[in-house]
Amino acid sequence: MGRCWLVLVFCCLGQLCADQSLKPQIAAPQLATNNPTLTTVTLEKPFCMFDGSVHPNKSYVIYLYAMKESASAISSLVTDNDNKPLNSTFQQTSGGQLGPYKAALFNVPNCASPPKLAEVGDVNKVSDVLKQYLFRVGDDGTCLYDPNFLAVCNPPLAPDTTYRFKYVLLDSTEGIVKDQTLWSDSIKTRGVKLPLKIDTWPGRRSGDMIVITSILSVLVFLLLVGFLASVFSAVMGSKDSSAEPRCMSQTNQQSEPRPQLSSE
Amino acid sequence: MAKSDDGIRILQGLLVFGNVVIGMCGIALTAECIFFVSDPHGLYPLLEATENDDIYAAAWIGIFVGFALFALSILGIVGVIKSSRTLLLVYIILMLITYAFEMASCITAATQRDFLTPNLFLKQMLERYQKLEPDNNNDKWMTEGVTKAWNKLMLQNQCCGVRGPSDWQEYTSVFRITHSDADFPWPHQCCVMDPQGSPVNLDGCKLGVPGYYNSNGCYDAISGPMNTHAWGVAWFGFAILCWTFCVLLGTMFYWSRIEY
């Protein structure tokens with residue numbers, strides 16, 4: 001079912017020409033169920049989005065830009081006046097607050113033979129399939145604090161914030177932007193709740209507990225009443241037997257064959 | 001008065017039979033409670049950390065009550081056969097005391113079971129699992145217990161969190177303080193493991209790809225044994241007490257009929 005759906009999606013994407021009506025999409029929810037998380041967003045790579053602009057003899061590279069939605073009021077341009085791509089980093093834009101920053105660069109995904117998502121079940125192929133199919137923004141937690149890091153830094157995003165993403169196609173020899181997608185729809189990272197707020201009150205009592213408590217209380221009461229009654233009757237009985245000889249003779253009659261009643 | 005003599009014999013027989021059953025049930029109760037106290041599923045640290053381990057207290061009481069029931073049933077049999085007033089009076093009084101203790105054990109087990117809700121374990125897991133800086137020795141002991149218990153639980157039952165791995169994503173926790181969300185959206189014990197004990201595919205686990213992480217919650221694995229424990233102590237004790245009630249009433253009646 002998932003396989004048919006995905007094949008259909010890829011066919012449709014291939015037929016659409018790579019014009020500006022395409023946007024970066026969030027990765028398929030059946031595949032990446034934990035998306036978006038607190039600090040990461042996983043996007044599909046731009047399969048067949050730039051088919052119209054790609055010439056077979058040239059080499060291209062794709063840049064991914066990310067920005068907070070609030071930054072779109074300030075600036076959402078990813079190119080400068082010469083059509084060269086913006087080289088902003090996470091730190092320069094305060095994590096995407098002042099404008100878009102470059103989060104990643106990778107090769108143009110293979111449109112002719114996209115990864116078969118059904119192969120995700122195969123343990124040997126899953127790493128390749130995941131790597132070819134999607135990209136995780138916010139994956140690298142250490143590059144911000146590593147002074148020797150020279151590549152494009154992809155630090156974790158802020159929780160509970162809306163972000164927008166854009167793919168840009170770049171001609172690597174000329175260094176000029178050839179094509180770009182629209183800004184994606186707003187994608188919000190997860191917010192968290194405090195564990196202090198979890199209510200651990202159990203609610204109403206269970207039926208078991210009520211039955212056990214009530215019945216046992218009644219039984220104990222009856223036992224105590226029975227004990228007092230038997231002590232009372234034993235005391236009364238011993239007083240009667242000392243006061244009335246008639247009862248004595250009766251017990252003496254019974255005492256011969258019934259040794260157990262006339263106890264010591 | 002032959003009828004009453006037969007009646008007395010029948011009553012004696014019934015009382016002896018009743019005491020035999022009490023003795024056997026006492027031994028069974030002791031054995032059952034020893035089994036529960038031995039904690040075969042390793043869940044005691046979770047209860048200890050909630051500071052609500054009264055179902056274990058109920059089981060401990062059950063051990064001693066069971067043994068007392070066995071001893072008292074022997075005393076009862078001897079007393080009934082000998083028709084000794086003194087013995088039977090001692091038997092009745094001690095049985096009443098044992099009855100009270102067993103009643104306490106049953107009610108405690110049944111009541112405390114109600115407190116063991118998913119939210120309780122969730123809150124405890126988020127606040128204690130892999131807490132790095134405990135406040136004092138007691139806190140440290142509880143934290144280590146909870147961490148070990150959860151690790152064992154997640155690995156053995158192939159489960160994650162209380163209701164599911166989303167618990168780790170929906171709430172902040174002490175685990176989140178030391179483990180970044182990018183590398184550890186949930187603990188690695190939630191990943192499907194290969195026979196060597198390492199995750200089959202870490203990226204698949206982090207992304208939540210079906211088949212590479214355990215998507216079911218551990219609450220069933222926790223509540224199952226705890227329910228068995230609590231209900232085993234409460235309802236079996238209740239059954240014994242109902243039977244003992246009848247035997248005790250019969251014994252009191254028999255005692256009051258014995259002439260000095």
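The model is predicted: local features need pLDDT of at least 70, side-chain atom pairs count only at pLDDT 80 or more, and totals for chains, interfaces and linings use all residues. Residues are numbered from 1 along each chain as its sequence is written, chains are lettered from A and ligands numbered from 1 in the order in which they are written, and side-chain values use heavy atoms, with hydrogens and water left out.

Start with the interface. The size of an interface is often given as the accessible area lost when the parts come together. Here chain B and chain A bury about 5,500 Å² between them. That buried area is the accessible area (1.4 Å probe) that two parts lose on being put together, summed over both. Carbon and sulfur atoms carry 66% of it. On the side of chain B, B:Asp114, B:Gln169 and B:Leu207 lose the most area to chain A, together 12% of what that side buries. Chain B gives 63 residues to the contact and chain A gives 60 residues, where contact means heavy atoms within 4.5 Å.

Now the polar side of the interface. The rule finds 17 residue pairs in polar contact across it, both residues at pLDDT 80 or more. A polar contact is a pair of N or O atoms within 3.5 Å; within protein, one must be able to donate a hydrogen and the other to accept it, and residues adjacent in sequence count only if both atoms are side-chain atoms. The elements of chain B that give two or more residues to this side are helix 1 (2-37), helix 4 (85-113), helix 5 (118-128), helix 7 (166-170), helix 9 (202-207) and helix 10 (219-257). Helices here are DSSP runs (H or I, at least four residues), as are strands (E, at least two), numbered from the N terminus. Helix 10 of chain B gives the largest share, 13 residues. One salt bridge crosses between the chains. In it, A:Lys193 meets B:Glu170 at 3.9 Å, N to O. The rule asks for a side-chain nitrogen of Lys or Arg within 4 Å of a carboxyl oxygen of Asp or Glu.

Turn to the rings. Over all chains, the count comes to 16 aromatic pairs. Rings of Phe, Tyr and Trp (its six-membered ring) pair if their centres lie within 6.5 Å; planes under 30 degrees apart count as stacked, over 60 as edge-to-face and the rest as tilted. A:Phe90 and A:Tyr101 have ring centres 5.2 Å apart and planes at 85°, so this pair is edge-to-face. A:Phe90 lies in the loop between strand 2 (60-68) and strand 3 (101-106) of chain A, and A:Tyr101 in strand 3, so the pair ties together parts 11 residues apart in sequence. A:Phe90 counts as buried at 15% relative accessibility, and A:Tyr101 at 0%. Buried means under 20% relative accessible area, exposed over 50%, partly exposed in between (1.4 Å probe, protein chains only).

In chain B, B:Phe121 and B:Tyr219 form a tilted pair, 6.5 Å centre to centre with 50° between the planes. B:Phe121 sits in helix 5 and B:Tyr219 in helix 10, 98 residues apart. Both are buried. B:Tyr129, B:Trp168, B:Phe175 and B:Phe184 form one aromatic cluster.

B:Lys206 is in helix 9 and counts as buried at 9% relative accessibility. Beyond four places in sequence, B:Lys206 is in contact with residues including A:Asn34, A:Arg136 and B:Asp183. B:Thr251 lies in helix 10 and is buried at 0%. Not counting residues up to four places away, B:Thr251 touches B:Leu15, B:Leu88, B:Tyr91 and B:Ile92.
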